[in-house]
Amino acid sequence: METISAFATLVLVMDPLGNVPIFLAALKEIPEKRRQVIILRELLIALGVLVIFLLCGRQLLNFLGLTEAAIRISGGIVLFLIAIKMIFPPAAGEAALQNEDEPFIVPLAIPYVAGPSSLATLILIMNGEPSRWPEWLAALLAAWFVTGIILLAASPLAKILRNRGLVAIERLMGMILVILATQLLLNGVAEFVRTLERQTWQPK
């Protein structure tokens with residue numbers, strides 16, 4: 001995977017436009033000035049979690065003894081499910097935060113920014129070519145920066161695009177993610193087949 005492809009994939013799975021209405025609903029009782037501080041704080045917390053998974057996730061997988069084929073196939077399935085949710089989103093009220101207190105870490109930082117799909121994607125990217133970790137870190141920082149800009153501008157974006165515009169863009173992103181998830185799944189199956197062939201032809 002190239003750096004630009006990794007960046008695009010991370011932006012898609014972080015789904016900043018899809019998170020705009022969720023963030024607005026969660027912070028609707030918070031004053032505008034304080035809202036920006038909270039969003040920035042949650043973004044920084046999410047970045048810390050994402051960087052930790054990027055740098056340490058591979059060691060966790062090795063400890064658990066998981067194969068690359070299993071990682072790719074499971075990652076493809078996870079991304080596919082996320083994409084389906086983007087194309088066919090749940091009812092608007094289901095994702096709203098029903099809490100009058102100021103949110104902290106959950107649910108804005110985790111799982112809306114640093115969610116299972118983002119963490120799984122980072123592990124998959126790092127597992128493929130771990131020696132290129134500076135490039136993957138750069139892709140992560142760029143994706144996080146784009147996500148942060150969009151979420152910090154959530155209020156004006158919601159006014160400009162309105163709900164229909166946000167939904168349309170999110171579904172388009174979901175369609176692109178379906179294609180990426182399918183390719184990842186096919187790569188995982190191909191890797192699994194190659195592993196079986198090596199085991200079959202290996203002399204006893």
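**Before you start**

The model is predicted: local features need pLDDT of at least 70, side-chain atom pairs count only at pLDDT 80 or more, and totals for chains, interfaces and linings use all residues. Residues are numbered from 1 along each chain as its sequence is written, and side-chain values use heavy atoms, with hydrogens and water left out.

**Stop 1: the whole chain**

Show the chain as a cartoon. It has 8 helices and 0 strands. Helices (H or I, at least four residues) and strands (E, at least two) are DSSP runs, numbered from the N terminus. The radius of gyration is 18 Å, close to the 17 Å that the globule rule gives for 204 residues, so the chain is as compact as a globular protein of that length. That radius is taken over C-alpha atoms, and the globule rule is 2.2 Å times the number of residues to the power 0.38. Along the principal axes, the C-alpha atoms fill a box of roughly 70 × 30 × 30 Å.

Now switch to a surface. The chain exposes about 11,400 Å², with carbon and sulfur atoms supplying 69% of it. Accessible areas come from the Shrake-Rupley method with a 1.4 Å probe; for residues, only the protein chains shown count as cover. Of the 204 residues, 37% count as buried. Buried means under 20% relative accessible area, exposed over 50%, and partly exposed in between (1.4 Å probe, protein chains only).

**Stop 2: helix α2**

Select residues 16–26. This is helix α2, and 8 of its 11 residues are buried, so it is largely enclosed by the rest of the structure. Color the buried ones: Pro 16, Leu 17, Gly 18, Asn 19, Val 20, Ile 22, Phe 23 and Ala 26. What covers them includes α1 (3–14), α3 (32–64), α5 (108–113), α7 (133–152) and α8. Contact here means heavy atoms within 4.5 Å.

**Stop 3: Leu 108**

Move to Leu 108, in helix α5. Leu 108 counts as buried, at 0% relative accessibility. Leaving out residues up to four places away in sequence, Leu 108 touches Phe 23, Ala 26, Leu 27, Ile 38, Glu 42, Pro 103 and Val 113.

**Stop 4: the largest nonpolar core**

Select Leu 10, Leu 50, Leu 140 and Leu 151. These have the most contacts inside the largest nonpolar core, which has 49 residues. A nonpolar core is a set of buried Ala, Val, Leu, Ile, Met, Phe, Trp, Tyr and Cys residues joined through side-chain atoms within 4.5 Å. Helix α3 gives the largest share of this core, 8 residues.

Zoom in on Leu 10. Beyond four places away in sequence, Leu 10 touches Ser 118, Thr 121, Leu 122, Ile 125, Ala 139, Leu 140 and Ala 143.

**Stop 5: salt bridges**

The structure holds 8 salt bridges. Each is a side-chain nitrogen of Lys or Arg within 4 Å of a carboxyl oxygen of Asp or Glu.

- Glu 2 and Arg 132 meet at 3.7 Å, N to O. The pair links distant parts of the chain: Glu 2 lies in the segment before α1, and Arg 132 in the loop between α6 and α7, 130 residues apart. Glu 2 is exposed at 54%, whereas Arg 132 is buried at 14%.
- Glu 102 and Arg 34 meet at 2.9 Å, N to O. Glu 102 is in the loop between α4 and α5, Arg 34 is in helix α3, and they are 68 residues apart. Glu 102 is partly exposed at 35%; Arg 34 is partly exposed at 35%.
- Glu 191 and Arg 194 meet at 2.9 Å, N to O. They are separated by about one helical turn, being 3 residues apart in helix α8. Glu 191 is buried at 16%, and Arg 194 is partly exposed at 41%.

Next, select Glu 2, Glu 129, Arg 132 and Glu 135. Salt bridges that share partners join these into one network.

**Stop 6: the nonpolar patch**

Select Ile 77, Phe 80, Leu 81, Ile 84, Phe 88, Leu 185, Val 189, Phe 192, Val 193 and Leu 196, which make a nonpolar surface patch of about 850 Å². Patches are made of residues with over 30% relative accessible area and no salt bridge: like charges are joined within 9 Å, nonpolar side chains (Val, Leu, Ile, Met, Phe, Trp, Tyr) within 5 Å. Helix α8 gives the most to the patch, with 5 residues.

End on Val 189, in helix α8. Val 189 is partly exposed, at 39% relative accessible area.
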